[in-house]
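Please consult the sequence and the structure while reading.

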Amino acid sequence: MGARSACALLLCLVALHGVRRMAQALPYTSLTDYGLKSLSAETYVNDSSLGISASLGGLSPSDLLQNQPDWERVADYTQRWATSLAAQKPSSPSEQERLLSGLLAVWLTAAASAGIALPGATAPGAVPSLQPQASASNHLIQLMPPFLGDLMLAPQLATLNDGRWGTLDGHLAWQNWGGSVAPARVGKLLVPRTADEVAAAVAAASAAGRRVRAVGKGHTWTPMFFDSDGNTDVVFTTLLRLPSGERIEMAGHSASGAPLVRVSAGVTVGELAQFVTDHATELGNAALPSDTVIESVRYGGVVSTGSHGTARDFGSVPDFVESLTIVDGRGQLVAYNASHSFFDQARTAFGLMGVITELTLRLASVEREPDKLFVMVTYSYDAMGDLFGTAGSPAKLKALAEAYDSIELFWYPLNNASAKGFQPATWDPYADRLMVYMTQRAAAPPEGPQPEPYSSKPNVAANLETYLGAVATHVGAQTGKLAVQVVAPLAIVQTLQSLINRPGLKTLPAAIHYGRNAIDQFKVWELEMYFRVDAAFAVPFAAWNAAVVIAKDTLVTTGSNVLNVALEARFLAQSTATMSPAYSTDSALFFCIGVLAAENTPGWAEFQQRIFAAWTSLAGASAPPKPHWAKWTDVGPSSGGKEETYGSGLSAIDTYAQRVFADQIADFRPAVAAADPKGVFRNVWLTEMFGLA
């Protein structure tokens, strides 16, 4: 597909849905097409019927509708809004949507007046590697919050919402979701529906001396996708189906008695969660005990990158793979299961062993406490110092981790600070609220209210909250206004606590996928590393506090909050997949900790390097920490400190990964050689990273 065809297809899509105006409109305009209250900032700040805003005052449309909005007044207004929200805690979905959409309108109007390119609305020049003519197509695809894009796109066009599209030197180009990897020219765009079509495409590419790379949702930050030389046939797994014609089907039971489900590689996490929910009776309420929070990612990519959820007694998603089918470098379908000598390698292979067409997953929740197949969800928002600020904190952290089946820790820096008179030097990060998400396995009550089920229907309030957070954080990063940087995390945490987070008894899919299709809207850059947990929990304690110290020091020395999204951590058990960062031949608990910042945050490269240096030199660790293969923002020697360009050489994190994964890589290479002797599935970065001949 050429550039003109791609642009024409996108324009037809817009025309079909009657939203041609979106090319010039602000992102929030399209929200009104879905029955939400008009997001007029002027109406919001003057409309006393909104109640919560009428009592705040202090903001007028003139503060917003100027080239340089009064950001301090916007920040003060937001802080008052958050304080009022904490007191009222409206429970009505319509009231929640009204309040969130109104504040979102304030931020969007001010940002547009200042000419700030908003997240999810790429403006010309925002992606330097894309030519200016690409901005129209990229702008149309990314203009609206992703959950609206999912609603608007017909299934046949769903691939258009996987990653970012544009043109590069007059050719169709693609970029990963987070924008951390430079856009790459697509050779041939392939969207097969069957495994046989994949096999034929690989055989043809191999015979022609071309390469093949598979892409799912594009939620990986490292440059493992495809080179930009135009010699790669890119397989999007979006529409793949099983031989039966279904995307998901039941597949019997494992030796342990756990139900099995077979999925095509293009099935999203949300699709499976809905299938398990819809067939709960037949499956005996079995589910995956742990999975990625994000629902839009596709299982082919989830497994290929060794991705994970959080569960003290279970490993990563590849550990639930009972079997998988891969089209190898010869164009042949190969089945891998426990009897295959390269099964463990195939379960996290980065596409180097071929294109995954289907996987059989074990709904392993029934393997432990089969009488407790639901979970009780609770939250806490205590001061971070309670869990990380004293000498006794490691023991508290250990007790917390052992008391629950899973916990997830979130620190949004500055969430308890005040925008007025804020002084970085005197700010106490340990006074900020630490959001802790906890789950405990439970049985369903014999009568009365039953567990809340999963629903794939987007939660409008959650989506508005996420996009509001993304916009405010992005504005803070791009303007450098400290007052804005202070109120953004306050608004995020207060909204989560007052409106979004709902404790209670839930099914496993409902508990795991608490993002409710909203997380995709907040494009971030991330570094995540796995630490093997010691008996005293001193290593997790030290790793967390090292990041806190660097976050504050960076704020003090630069005057800007680079860690403008979150410091986040989860626990999970060991993995048997060869290339997993949690790979271990004995029982172990791992602490997965990550720093996240909004895409294109100034100073991110330097901040990530400081975090990386601190974590890799941490005293007391029994083994060196290992990075998550999909979660580091690669800054190569010739990338200008922004985004990785294929062929620019390995970064410091890359070479560190080579060293700490050396034994695993040695076990992995023979599997790659056997599956792909001609190197059909390689790119420059993967070839150098794994030392492939």
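Two residues are in contact when heavy atoms of one lie within 4.5 Å of heavy atoms of the other. The model discussed here is predicted.

**Two residues and their contacts**

Ala251 belongs to strand 7, which covers residues 248-253. Thr578, by contrast in topic, is placed in the loop between strand 17 (566-573) and strand 18 (589-598). Thr578 has a relative accessible area of 7%; because buried means under 20%, Thr578 is buried.

The table leaves aside neighbours within four places in sequence.

| Residue | Residues in contact |
|---|---|
| Ala251 | Leu260, Val261, Arg262 and Thr360 |
| Thr578 | Asp344, Gln345, Tyr583, Gln664 and Asp667 |

**A pair of helices**

The axes of helix 5 (residues 93-113) and helix 14 (residues 460-479) come within 9 Å of each other and cross at roughly 25°. Angles under 35 degrees count as roughly parallel, so helix 5 is roughly parallel to helix 14. The crossing of helix 5 with helix 14 is left-handed.

Which kinds of residue form the contact of helix 5 with helix 14: nonpolar, polar or charged? The contact comprises 14 nonpolar, 2 polar and 2 charged residues. On the side of helix 5, the residues include Gln96, Glu97, Leu100 and Trp107. On the side of helix 14, among them are Val460, Glu465, Tyr467 and Val475.

Definitions and conventions:
Residues numbered from 1 in each chain as written. Predicted model: local features only at pLDDT ≥ 70, side-chain atom pairs only at ≥ 80, totals over all residues. Heavy atoms only, no water. Axes fitted to C-alpha atoms, helices over the stretch in contact; angles between N-to-C directions. Helix = DSSP H or I, 4+ residues; strand = E, 2+ residues; numbered from the N terminus. Parallel < 35°, antiparallel > 145°, perpendicular 65-115°, else oblique. Left-handed = near helix turned anticlockwise from the far one by under 90°. Nonpolar A, V, L, I, M, F, W, Y, C, P; charged D, E, K, R; others polar. Buried < 20%, exposed > 50% of the residue type's maximum accessible area, 1.4 Å probe, protein only.
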